[in-house]
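Trainee: I would like to learn how to read the packing of helices and strands in a model such as this one. Could we go through it together, starting from the picture?

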Amino acid sequence: MNEETKTYFSTGDFAKLCGVKKDTLFHYDQIGILKPELIRENGYRCYSINQLFTFDIISVLKECGTPLKDIKDYIEHQDTDRFLAILKSKKEQLAKEQKKIQRMQTLLENTIILTNRALGTKCGTPWFEDCIEEYLIAVPISHSTDRLDNERINKLRLLLDYLADNNLGDEYPLSSIILKEHLNENHFIEDYYCSRLSERVDSKYIFIKPKGKYAIITHKGSYETITDSYNKLIDYIKMNKEQIIGNSYEHELLNYLAVGDPNQFIIEIAIQIA
């Protein structure tokens with residue numbers, strides 16, 4: 001088919017066929033992934049019907065998240081094996097993104113549950129509760145250093161990086177653990193930073209919160225005043241002739257995401273007893 005009998009489309013008409021703005025075609029022309037098949041003497045850019053197939057290839061790869069420079073490289077060296085390799089790579093990437101979105105949805109759902117629990121709880125009033133076994137990714141904090149603030153920052157960073165690298169821990173807000181021996185010494189400083197999991201995984205940082213009976217209190221206020229709630233909870237345990245047999249687990253029900261004032265934080269404290 002010669003140029004006289006071949007049907008060409010103006011940039012505007014071709015953009016309508018493709019469902020994009022003309023600026024998109026100008027950009028594709030500029031970077032060299034879809035140039036007009038014909039430029040007339042008057043400077044008008046013209047596209048052929050066959051170029052719709054090229055545009056479809058660009059659209060498919062772009063929807064998969066392929067950078068335009070990679071799309072250009074593929075179009076310049078187009079073959080089936082290369083096309084399949086790109087799609088397989090993007091399929092794996094999309095699967096990872098889908099898992100991330102699912103975890104974020106779970107985080108939002110759990111945060112809604114925790115927030116509603118915070119709004120419905122009576123802060124400062126202890127109670128006993130039978131709790132199920134829970135799984136945590138927990139990073140220990142060393143108290144042997146003189147620079148405890150730096151140690152906390154480093155371990156919190158380690159936890160966050162580990163969770164991100166292993167696609168874990170997006171289901172719940174971060175928590176902390178105080179070991180039994182420090183509770184008995186009235187030493188209420190975190191021994192672990194942790195993140196609760198929806199199911200058990202194989203990890204060097206796995207930490208199991210045992211199933212059993214717990215004494216629980218919800219503390220309203222900043223972490224600087226949390227000692228008062230610990231003392232009240234321990235007095236409640238002793239008054240009911242119970243014994244501390246395990247660790248304390250702190251979970252933020254209402255934190256900086258929901259309230260700006262730390263004095264309005266609500267933190268649930270659960271100590272294993274028998």
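Mentor: Helices (H or I, at least four residues) and strands (E, at least two) are DSSP runs, numbered from the N terminus. This is a predicted model, in which local features need pLDDT of at least 70 and side-chain atom pairs count only at pLDDT 80 or more, while totals for chains, interfaces and linings use all residues. Residues are numbered from 1 along each chain as its sequence is written, and side-chain values use heavy atoms, with hydrogens and water left out.

Trainee: Which residues of helix 1 are buried?

Mentor: As a general idea, an α-helix has 3.6 residues a turn, so residues three or four places apart point the same way. Here Thr 11, Phe 14, Ala 15 and Cys 18 are buried, that is, under 20% relative accessible area with a 1.4 Å probe and protein chains only, as against over 50% for exposed and in between for partly exposed. They cover an arc of only 105° around the axis, which puts them on the same side of helix 1; the arc is that of the directions from the helix axis to the C-beta atoms.

Trainee: How do the axes of helix 1 and helix 2 cross?

Mentor: Two packed helices are described by the angle between their axes and the distance between the axes. The axes of helix 1 and helix 2 come within 8 Å and cross at roughly 105°, the axes being lines fitted to C-alpha atoms, for helices over the stretch in contact, with angles from 0 to 180 degrees between N-to-C directions. On the helix 1 side Thr 11, Gly 12, Phe 14 and Ala 15 take part, and they meet Lys 22, Leu 25 and Phe 26 of helix 2.

Trainee: In what order do the strands form the sheet?

Mentor: Strands of a sheet pair through backbone hydrogen bonds, either parallel or antiparallel. In this model 3 strands form an open sheet in the order 1-3-2, with antiparallel pairing; two strands pair if DSSP finds at least two bridges between them. Strand 1 (8-10) and strand 2 (38-39) stand at the edges, each with a single partner strand, so one side of each is left without a neighbour in the sheet. Helix 1 (residues 11-18) packs on the sheet, touching strand 1 and strand 3, and its direction makes about 95° with that of strand 1.

Trainee: Which residue does Leu 38 stand opposite in strand 3?

Mentor: Leu 38 stands opposite Cys 46, and Ser 10 also stands opposite Cys 46.

Technical notes:
Contact means heavy atoms within 4.5 Å.
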